[in-house]
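These notebook entries record what I looked up in one structure. The sequence and coordinates are shown first.

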Amino acid sequence: MNLEEEGRVLNLYKPVGFSSFEILRRVKKKLGFKKVGHAGTLDPLASGVLLLCIGKATRRVPELQSLRKVYRGRFILGEETPSHDAETPVQKTCDISDLSPDCLNQVKEHFSGEQQQIPPMYSAVKVKGRRAYELARKNQHVELAPKRVHISDIKFSASHWPEIDFELSCSKGTYIRSWVRDIGKYLCVGAYLLGLERIAVGPHTLEKSYHPDDLSMDMLVNG
């Protein structure tokens, strides 16, 4: 069986510490595929479902990118970083003694549904042919255009206050780091993302994903 001629969508688990492109290259080299694409990146500090399209299945990338994503993670209130996650050190703190977990009810209402969201500067968005994160790392600030996204099914848990656990479903193009940043702005205390895992892309779930270290051609052919 020639998987490239047949085409295959591979539900892969991306570990923390690797970029989506690194995982793609590893799979390509390990299994000898010539044509492999992915249907939506994950940040290096995030883990979870990464869909790889092999051979003819690369034609399905736009279709797969449009599927809804489900994430779970944790953020902290009262602190900010330039990247809105743990990639960069905390640069600002704020007193949150006037806040209580009850504020999350307002947050859920305000940040559900259609949103205009500005991507983070530390992102792969292209600005005049260059990635925004390349400019950010050189302390060059540029204005990024807002994008329309949709966020739904938000669940919060404040059992580790001021760290907040969450689970949410969202549309293509949603940056969870930007969502967390905007929550911090809304509450006037700042916030940044501590950890993130993508647990589903459409029907492709974390429980059914392959770890890249376990991949083999026999597994894909017979699986």
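The entries below go from the whole chain to single residues and pairs.

**Entry 1: basis.** I worked from a predicted model, in which local features need pLDDT of at least 70, side-chain atom pairs count only at pLDDT 80 or more, and totals for chains, interfaces and linings use all residues. Residues are numbered from 1 along each chain as its sequence is written, and side-chain values use heavy atoms, with hydrogens and water left out.

**Entry 2: whole chain.** I noted seven helices and 13 strands; helices (H or I, at least four residues) and strands (E, at least two) are DSSP runs, numbered from the N terminus. Of the 223 residues, 47% count as buried. Buried stands for under 20% relative accessible area, exposed for over 50%, and partly exposed for values in between (1.4 Å probe, protein chains only). The chain exposes about 11,700 Å², and carbon and sulfur atoms supply 49% of that area; the areas come from the Shrake-Rupley method with a 1.4 Å probe, and for residues only the protein chains shown count as cover. I also looked up contacts, defined as heavy atoms within 4.5 Å. Among contacts with a separation of 6 or more, 70% come from residues 24 or more positions apart.

**Entry 3: helix α4.** I asked which residues of α4 are buried. In this helix, residues 103–110, they are C103, L104 and V107. Seen down the axis, the buried residues of α4 fall within an arc of 95 degrees, so they line one face of the helix; the arc is that of the directions from the helix axis to the C-beta atoms. N105 and E109 are exposed on the other side of α4. The buried residues pack against β10 (147–160), β11 (163–170) and α6 (176–186).

**Entry 4: T81.** I found T81 in the loop between β5 (79–80) and β6 (92–93). T81 counts as buried because its relative accessibility is 3%. The side chain of T81 reaches the backbone nitrogen of H84 at 3.0 Å, and one of its polar atoms lies 2.7 Å from the backbone oxygen of D85. Leaving aside neighbours within four places in sequence, T81 is in contact with T88, P89, V90, Q91 and Y192.

**Entry 5: H160.** This residue lies in strand β10, and H160 is partly exposed at a relative accessible area of 42%. Its side chain makes a polar contact with that of S159 at 3.3 Å. A polar contact is a pair of N or O atoms within 3.5 Å; within protein, one must be able to donate a hydrogen and the other to accept it, and residues adjacent in sequence count only if both atoms are side-chain atoms.

**Entry 6: salt bridges.** How many salt bridges does the structure hold? I noted nine, each being a side-chain nitrogen of Lys or Arg within 4 Å of a carboxyl oxygen of Asp or Glu. D165 and R74 meet in one of them (2.7 Å, N to O). D165 lies in strand β11 and R74 in strand β4 (residues 69–77), so the pair ties together parts 91 residues apart in sequence. The side chains of R148 and E114 also form a salt bridge (2.7 Å, N to O). This pair links R148 in strand β10 with E114 in strand β7 (residues 113–117), 34 residues apart.
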